[in-house]
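Colleague: I am new to this structure. Please show me how to read a few of its features.

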Amino acid sequence: MVNSTILVTGSAGFIGFHLSSRLCKEGYNVIGVDNLNSYYSVDLKQSRLQLLLELQNFQFQQLDIGKKEEVQKLFESTEIDYVINLAAQAGVRYSIVNPFAYTDSNIGGFLSILEACRHAAVRHLIFASTSSVYGANTKIPFAVKDNVDHPISLYAATKKANELMAHCYASLYEIPVTGLRFFTVYGPWGRPDMALFKFTKNILEGNPIDVYNHGNMKRDFTYVDDIVEGVFRLIKKIPQANKQWNGHSPDPSSSFAPYRIFNIGNSQPVDLMEFISVLEETIGKKATINFLPMQDGDVPETYASVDDLEKTTDFKPRTPLSTGIRNFVEWYKSYYGVA
């Protein structure tokens, strides 16, 4: 047994569920917290949670990380070795219609975690950022050493703010912090607001699918197991101050403080129409497509450079799209009882 305790926030979420399961199987004691909000199906979150509760070394507390007093009590009552913060209000488009949900959770909630880590002997704080921070950048592939000062959605802006807040705490209090920019995560138990889930549901039900920017999109689709593997390998890769860091030519991915930023993506952008074609072939049914203009806050292409991740962990995401989509469709049919 590893006999270390890891706090995973957002443990009933898509990535949090998969990560918590992996950590328990690796021998960690996992404390999962989640507020189980209704942004999408609470039943789906509860189903994930029930599977986690069957694991001997998993315990759960329903908690909103925006409530700083409750977060502080949790840290005071339990010796926590590592923290992985995945709790956040997700979704680019929802941030346009309900912006305050993002400042409440992604800013206020993350500050609660940082303050709690400040007063506890946490060995390493890992937090989820997003590929959306690259915003208006057009240099491909997106690299962690690139400037990311031009977000085009409030969701992305709150995640960039998380990176800045984390750096402040790493600098002021020497908390080792690692930020992870996830690229279009998909797989079994995925979120209903994501394209793969919506496309699969509508194709199976014979309804049209909405395809934005008239299909002229590319995404660096990353299978959830690859995301989990990357996070898992980074837990013990505790960041150190970069002795070569130069304030005259600052590297955004590292610091004079114990702080690092990594991309986790498949590094193989897929044309959206090819993605749909693979899904159609997997389901065995053609989609009726409703082509639409680009949505506000969206970008035409994402593409991760994972050189730093591979150098640090000797790991690079590599699950083929066909495998990932097949696994999702099989899960979807099983979970929803589709023949």
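Modeller: Start with burial: buried means under 20% relative accessible area, exposed over 50%, and partly exposed in between, with a 1.4 Å probe and protein chains only. Tryptophan 189 has 13% relative accessibility, so it counts as buried. This is a predicted model, in which local features need pLDDT of at least 70, side-chain atom pairs count only at pLDDT 80 or more, and totals for chains, interfaces and linings use all residues. Residues are numbered from 1 along each chain as its sequence is written, and side-chain values use heavy atoms, with hydrogens and water left out.

Colleague: Where is tryptophan 189 found?

Modeller: Helices (H or I, at least four residues) and strands (E, at least two) are DSSP runs, numbered from the N terminus. Tryptophan 189 lies in the loop between β7 (185-186) and α7. Its phi is near 70°, a positive value in a residue other than glycine.

Colleague: Why is strand β11 largely enclosed by the rest of the structure?

Modeller: Five of the six residues of β11 (residues 259-264) are buried, so the strand is largely enclosed.

Colleague: How many bridges pair β6 with β11?

Modeller: Two strands pair if DSSP finds at least two bridges between them. Strand β6 (residues 177-182) pairs with β11 in the parallel sense over six bridges. Glycine 179 has isoleucine 261 in β11 as its bridge partner.

Colleague: Which residues does a cis peptide bond join?

Modeller: The cis bond joins isoleucine 140 and proline 141, with omega about -5°. Proline 141 sits in the loop between β5 (124-130) and α6 (154-173).
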